[in-house]
Amino acid sequence: AEIRPATSILEVAKLIDAKQEAFNLRFRHATGELENTARLGQAKKDIARLLTVAKARGIDVEKETRRI
């Protein structure tokens, strides 16, 4: 079995959570339920930030998300 650093697992988990949050925000925005629309942009920036960190650390996000 391959031993992966816990930080890469945590980074991928954070990314999955951020993508889920962005989806929920988009859904709530489409239904007119979302009051703080600025949170949509912040969610996108959070995802971009996490992807940048993952790339800098050499984490293959696509490969890691399939494992979780």
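Ala-18 touches Ile-47 and Leu-50, with residues up to four places away in sequence not counted. The model is a predicted one. In it, Ala-18 is found in helix α1. Its relative accessibility is 8%, so Ala-18 counts as buried. Thr-7 lies eleven residues from Ala-18 along the chain, and the C-alpha atoms of the two are separated by 16 Å.

The axes of α1 and α2 come within 9 Å and cross at roughly 160°. An angle over 145 degrees counts as roughly antiparallel. α1 is therefore roughly antiparallel to α2. The crossing of α1 past α2 is left-handed. On the α1 side, the contact is made by Glu-11, Lys-14, Leu-15, Ala-18, Lys-19, Glu-21, Ala-22, Leu-25, Arg-26 and His-29. On the α2 side, Arg-39, Leu-40, Ala-43, Ile-47, Leu-50, Leu-51 and Val-53 take part.

In soluble globular proteins, nonpolar side chains tend to be buried together. Here the largest nonpolar core has 13 residues. Leu-15, Leu-25 and Ile-47 have the most contacts inside it. Both α1 and α2, the latter spanning residues 38-56, supply at least two residues each to this core. Leu-25 is in contact with Leu-34, Arg-39, Leu-40 and Ala-43, leaving aside neighbours within four places in sequence.

Glu-11 also has its place in helix α1. Its relative accessible area is 12%. The cut-off for buried is under 20%, so Glu-11 is buried. Beyond its neighbours within four places in sequence, Glu-11 is in contact with Leu-50, Val-53, Arg-57 and Ile-59. Of these, Leu-50 is also touched by Ala-18.

A pair of aromatic rings is described by the distance of the centres and the angle of the planes. The count comes to one aromatic pair. The ring centres of Phe-23 and Phe-27 are 6.4 Å apart, and the planes stand at 25°. Planes under 30 degrees apart count as stacked, so this pair is stacked. Both residues lie in α1, which spans residues 6-30. They are four residues apart, about one turn of the helix.

Notes
Residues numbered from 1 in each chain as written. Predicted model: local features only at pLDDT ≥ 70, side-chain atom pairs only at ≥ 80, totals over all residues. Heavy atoms only, no water. Phe/Tyr/Trp six-rings, centres within 6.5 Å; stacked < 30°, edge-to-face > 60°. Core = buried A, V, L, I, M, F, W, Y, C linked by side-chain atoms within 4.5 Å. Buried < 20%, exposed > 50% of the residue type's maximum accessible area, 1.4 Å probe, protein only. Contact = heavy atoms within 4.5 Å. Axes fitted to C-alpha atoms, helices over the stretch in contact; angles between N-to-C directions. Parallel < 35°, antiparallel > 145°, perpendicular 65-115°, else oblique. Left-handed = near helix turned anticlockwise from the far one by under 90°.
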